[in-house]
Amino acid sequence: MRALTKALVSVTTAVGIAAGGLATAGTAMAAPASSAQQQAVSAEVGTLAVVNLGLSTAQAKDWQCWLRALGYNPGTIDGQLGTNSWKAAQRFFTPQGFYNDSIDGIVGPNTIQALQRYLNSRNLGYDLDVDGIAGTRTKAAFAHYADRFSHLC
């Protein structure tokens with residue numbers, strides 16, 4: 001009986017160790033990302049967060065200054081249209097009926113459609129398709145429009 005109990009405890013222990021080892025396999029052995037990998041990911045995220053839609057840095061600064069002059073806080077005036085700049089634009093577009101989504105600073109199809117509607121409403125002959133795609137015509141119209149605010153910064 002003693003030998004049977006000892007064998008059963010040994011088998012149970014072996015199964016427990018094996019199960020624990022399998023449960024942590026792939027996580028216990030994973031090495032942390034190197035500093036270079038972390039910096040590359042960080043730079044990529046930063047790049048993805050900036051969406052100038054074809055504007056030069058100077059034009060993006062002009063757009064930011066214009067939003068600020070209207071009372072919409074775009075954050076730092078740096079020529080990089082990041083989340084805060086796009087939140088300000090979304091807040092600007094909303095009361096005019098061009099944008100009816102969450103104020104999240106994400107430049108998705110709804111934000112681009114709002115920009116297209118707004119640019120079309122300026123009677124400057126842009127005649128953009130309101131399709132939510134930032135194609136060459138939308139980018140060119142946005143750049144042309146942003147040039148109008150060079151005196152604000």
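Analyst: A residue counts as exposed when its relative accessible area is over 50%, and as buried when that area is under 20%. The model discussed here is predicted.

User: Is D127 buried or exposed?

Analyst: D127 lies in the loop between α5 and α6. Its phi is near 45°, a positive value in a residue other than glycine. The relative accessible area of D127 is 63%, and the cut-off for exposure is over 50%, so D127 is exposed.

User: L53 also has a positive phi; is L53 buried or exposed?

Analyst: L53 is found in the loop between α2 (35-49) and α3. Its phi is about 45°, although L53 is not a glycine. Most residues other than glycine have a negative phi. With a relative accessible area of 9%, against a limit of 20%, L53 is therefore buried.

User: Which elements give two or more residues to the largest nonpolar core?

Analyst: The largest nonpolar core has 28 residues, and those with the most contacts inside it are W63, F93, L119 and F142. In soluble globular proteins, nonpolar side chains tend to be buried together. The elements that supply two or more residues to this core are α3 (57-69), α4, α5 and α6.

User: Which elements are included in the cover of the buried residues of α3?

Analyst: The helix α3 has 13 residues and reaches 18 Å from its first C-alpha to its last, close to the 18 Å expected at 1.5 Å a residue. Its buried residues are Q59, A60, D62, W63, Q64, C65, W66 and L67. Just after α3, G71 takes a positive phi of about 95°. The cover of the buried residues of α3 includes α4, α5 and α6.

User: Which residues does W63 touch, leaving aside those up to four places away in sequence?

Analyst: W63 is among the buried residues of α3, and it is one of the residues with the most contacts inside the largest nonpolar core. W63 also belongs to an aromatic cluster together with W66, Y72, W86, F92, F93, F98, Y118, F142, Y145 and F149. Beyond four places in sequence, W63 touches L55, L81, A89, F93, F142 and Y145.

User: How many residues apart are W86 and F142 in the chain?

Analyst: The structure holds 14 aromatic pairs. One of them joins W86 and F142, with 6.2 Å centre to centre and 45° between the planes, and is tilted. The pair links distant parts of the chain, with W86 in helix α4 (residues 83-93) and F142 in helix α6 (residues 136-146). Both residues are buried, and W86 and F142 are 56 residues apart.

User: What is the geometry of the pair formed by F98 and Y118?

Analyst: F98 is in the loop between α4 and α5 (109-121), and Y118 is in helix α5, 20 residues apart. Both F98 and Y118 are buried. Their rings lie 5.9 Å centre to centre, with 75° between the planes. Planes over 60 degrees apart count as edge-to-face, so the pair of F98 and Y118 is edge-to-face.

User: How far apart in space are V107 and G132, C-alpha to C-alpha?

Analyst: V107 is placed in the loop between α4 and α5. Not counting residues up to four places away in sequence, V107 touches V51, L53, W86 and I112. V107 and G132 are 25 residues apart in sequence, and their C-alpha atoms are 9.7 Å apart.

User: What share of the residues of the chain count as buried?

Analyst: The chain exposes about 9300 Å², of which carbon and sulfur atoms supply 58%. Among contacts with a separation of 6 or more, residues 24 or more positions apart account for 35%. Of the 153 residues of the chain, the share that counts as buried is 29%.

Methods
Residues numbered from 1 in each chain as written. Predicted model: local features only at pLDDT ≥ 70, side-chain atom pairs only at ≥ 80, totals over all residues. Heavy atoms only, no water. Phe/Tyr/Trp six-rings, centres within 6.5 Å; stacked < 30°, edge-to-face > 60°. Helix = DSSP H or I, 4+ residues; strand = E, 2+ residues; numbered from the N terminus. Buried < 20%, exposed > 50% of the residue type's maximum accessible area, 1.4 Å probe, protein only. Core = buried A, V, L, I, M, F, W, Y, C linked by side-chain atoms within 4.5 Å. Contact = heavy atoms within 4.5 Å. Expected span 1.5 Å × (residues − 1). Areas by Shrake-Rupley, 256 points an atom, 1.4 Å probe, with all protein chains shown as cover.
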